[in-house]
Every structure is written in structure tokens, then in C-alpha cells.
Amino acid sequence: MLDLHRGRILREVARLGSMTAAARSLNYTQPAVSHHIARLEAEVGTPLVVRHGRGVRLTEAGRVLVEHVEDVLARMDDARERIAAIAGLRAGRVRVAVFPTAVGGLLPDALARLAERAPGVAVTLVDAEPPQALSLLRAGDTDIAVVFRYAHTPPDTDARFREVVLAEDPLRLLVPAGHPLAAAERPRLEDLAGETWASGCARCRDHLRWTCGRAGFVPDIAFATEDHVAIQRLVARGLAVTTLPALALGLHTEPGVAVPGVPAVGSRRISAVVAAGPRPPAVAALLEELTAVASAASDAASDASAGGSTAPSGAGAGR
């Protein structure tokens with residue numbers, strides 16, 4: 001492999017036409033410059049300079065090498081400028097895979113904040129349930145996987161990844177507005193043992209079964225759909241009851257649904273999973289904005305929860 005540093009010296013010799021002048025320019029001694037040129041000639045196996053009067057001139061091989069050295073140095077300068085732009089968030093990219101509720105509930109505000117802070121950063125988004133998002137992360141096809149899991153399920157990460165907790169997202173029980181539980185003073189989950197249930201993704205259905213099992217019954221899940229609006233409409237028409245995350249309840253409003261305060265339905269943890277090790281500036285910046293937006297959403301959900309049993313301000317399915 002050719003020594004780029006010696007290539008720089010050859011370029012200076014070519015520019016000034018003299019070993020002595022090149023030595024003065026580079027703050028070297030003349031013998032040191034001669035030594036580097038001799039070593040470079042040994043590396044390429046052919047003379048690069050010839051004596052010419054009181055100076056030197058390049059051979060044909062020397063001219064070819066200098067042309068390539070200049071090209072490499074120009075590329076190195078460009079690389080330095082681009083890296084500096086990325087480090088300063090004037091450029092760069094970040095790829096993010098996000099589960100559907102967070103696509104609508106968290107990403108728009110986080111991306112708007114990032115665009116204002118670093119307009120040169122490009123972001124690409126993939127809508128993916130947690131298992132798919134984590135598969136993309138493991139394959140190196142995304143930089144951030146925004147996922148959720150429930151307290152009774154094991155973590156999705158190993159030593160190769162880091163989990164950044166964004167928020168705790170409480171679940172809400174939804175029943176038709178005319179349901180007896182909607183007006184109950186002390187509503188209990190076990191009062192719905194004989195009801196027909198609707199639920200969202202597989203991870204959410206598993207949690208619903210686990211939660212109802214703790215209350216002493218197995219839920220009859222007749223409707224399994226990942227369509228947020230469809231699930232809430234099933235409830236509004238008196239066809240089912242369900243549980244939905246608070247984040248989802250901010251995405252759509254459906255008349256005819258009540259939200260009795262039943263704490264037994266639990267919560268889910270929303271996290272951003274990234275590769276272990278140093279984080280590229282664009283990735284770190286988007287994580288900061290996601291954390292800020294998720295924190296604000298969590299505070300809003302807590303405020304809404306303090307109001308007791310209400311009709312939701314919006315709703316989506318349990319993803």
C-alpha cells in the first residue's frame with residue numbers, strides 16, 4: 001500500500017520543482033525529503049523524479065502518481081467536510097422503525113422538532129410492529145426501533161442493544177356508553193367476564209388474556225383486528241368491549257364509547273432500542289426529541305386519567 005504522506009511530499013516537490021524548496025515548505029530537512037521520495041520510489045518500483053539542472057522534474061510515473069494523490073486528497077477533504085457536517089447536525093440521516101400508534105402519536109411532533117433543530121438531517125420511517133422493528137434493527141436496516149412491551153413480558157434486547165425508555169403508556173378499558181359498567185361507582189374488570197372482546201395485535205391480545213386471567217376469567221376475543229378505528233366502532237355499536245393504550249386514545253374520537261376507570265388493566269412501556277456503543281449525532285438527536293414528546297404525551301395521559309370515567313377525547317386500537 002502506498003504511503004499517502006509520502007505522496008503529499010511528492011506533490012510538493014512537483015509543485016515547487018525542487019527538493020530543497022519542498023523541504024522549506026514542509027518544514028523538513030532536504031535529506032528527509034530525499035529519503036521519503038526514495039522510499040516512495042521503492043514502493044512503486046520505478047523512478048518518480050529525475051535531476052534537472054538545480055532542481056528535479058517528475059517522470060511519467062511520477063506525474064501519474066501525483067494526479068492520483070491529488071484526487072485522493074480531494075476526496076479526503078470532502079470526507080472531512082461531510083463528517084463535520086454530520087457531527088454538527090448540518091447533514092446525516094437516521095432510519096426509524098415504529099409501531100403504528102407511535103407513528104401517529106409520537107413521530108410527527110418528534111420529527112417536526114428535529115427538522116427545526118437540524119433541517120439538514122434526513123429521516124426515513126418504516127411502520128412496523130415491535131417484532132418486525134427489532135428484526136430490522138438486528139439486520140442493520142434501521143437505526144432506531146420504537147417498540148412497546150408489557151411488564152410481564154421479557155425484554156426484547158440483549159447485550160448488543162440499548163433500551164431507552166420513553167414513557168409508560170397506561171391502558172384504558174372501553175365499553176359502550178350505555179353499558180352498566182360505564183356508570184358504575186366502582187367498576188371492576190371481572191364484571192366483564194361474560195362479554196365479547198375486541199383486541200389488536202398479537203402482543204396486545206396476549207396481554208389482554210394475561211390481565212383477564214388475573215381477574216379470574218378467559219376473555220372471549222371474537223374480534224382481532226389492527227384497525228384502530230374499527231375496534232372502537234365495534235365498542236360504540238355495542239358489539240364488544242376492549243382495552244386501549246392512552247396514546248391510542250389521542251388519535252381518533254368515536255362517539256358512543258365510555259372509559260370507566262379500571263386500573264387493573266395495567267400499562268405498557270414504550271422504548272426506543274438502538275445498537276450499543278456510540279450513537280451517531282442524528283440518532284442521538286432524534287432520541288432526544290422522541291423522549292421529550294413521549295414525556296409530554298405521558299403527562300397528558302396522566303392528567304386525563306385524573307378526570308375519572310369519561311368519554312375519550314380520541315381513540316385507536318391497542319397497538
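## Charge and basis of the model

The protein chain carries 35 positive and 35 negative side chains, and the centres of these two sets are 8 Å apart. Here Lys and Arg count as positive and Asp and Glu as negative, with His and the chain ends not counted, and each charge is placed at NZ of Lys, CZ of Arg, CG of Asp or CD of Glu.

This is a predicted model, in which local features need pLDDT of at least 70 and side-chain atom pairs count only at pLDDT 80 or more, while totals for chains, interfaces and linings use all residues. Residues are numbered from 1 along each chain as its sequence is written, and side-chain values use heavy atoms, with hydrogens and water left out.

## Overall dimensions

The radius of gyration of the protein chain is 32 Å, whereas a compact globule of 319 residues would have one near 20 Å; the radius is taken over C-alpha atoms, and the globule rule is 2.2 Å times the number of residues to the power 0.38. Along the principal axes, the C-alpha atoms fill a box of roughly 105 × 30 × 25 Å.

The protein chain contains 10 helices and 11 strands, which are DSSP runs (helices H or I, at least four residues; strands E, at least two) numbered from the N terminus. Buried residues account for 43% of the 319 residues, where buried means under 20% relative accessible area, exposed over 50%, and partly exposed in between (1.4 Å probe, protein chains only).

## The nonpolar core

The largest nonpolar core has 50 residues, of which Ile144, Val146, Leu173, Val175, Trp197, Ile270 and Leu286 touch the most other members; such a core is a set of buried Ala, Val, Leu, Ile, Met, Phe, Trp, Tyr and Cys residues joined through side-chain atoms within 4.5 Å. Among the elements that give two or more residues to this core are β5 (144-150), β6 (161-176), β11 (267-275) and α10 (281-305), and α10 gives the most, with 8 residues.

Leu290 lies in helix α10 and is buried, with a relative accessible area of 0%. Apart from neighbours within four places in sequence, Leu290 is in contact (heavy atoms within 4.5 Å) with Leu107, Ala110, Val146 and Leu166.

## An exposed loop residue

Asn27 is placed in the loop between α2 (19-26) and α3 (30-44), and at 72% relative accessibility Asn27 counts as exposed. The phi of Asn27 is near 65 degrees, a positive value in a residue other than glycine. Most residues other than glycine have a negative phi.
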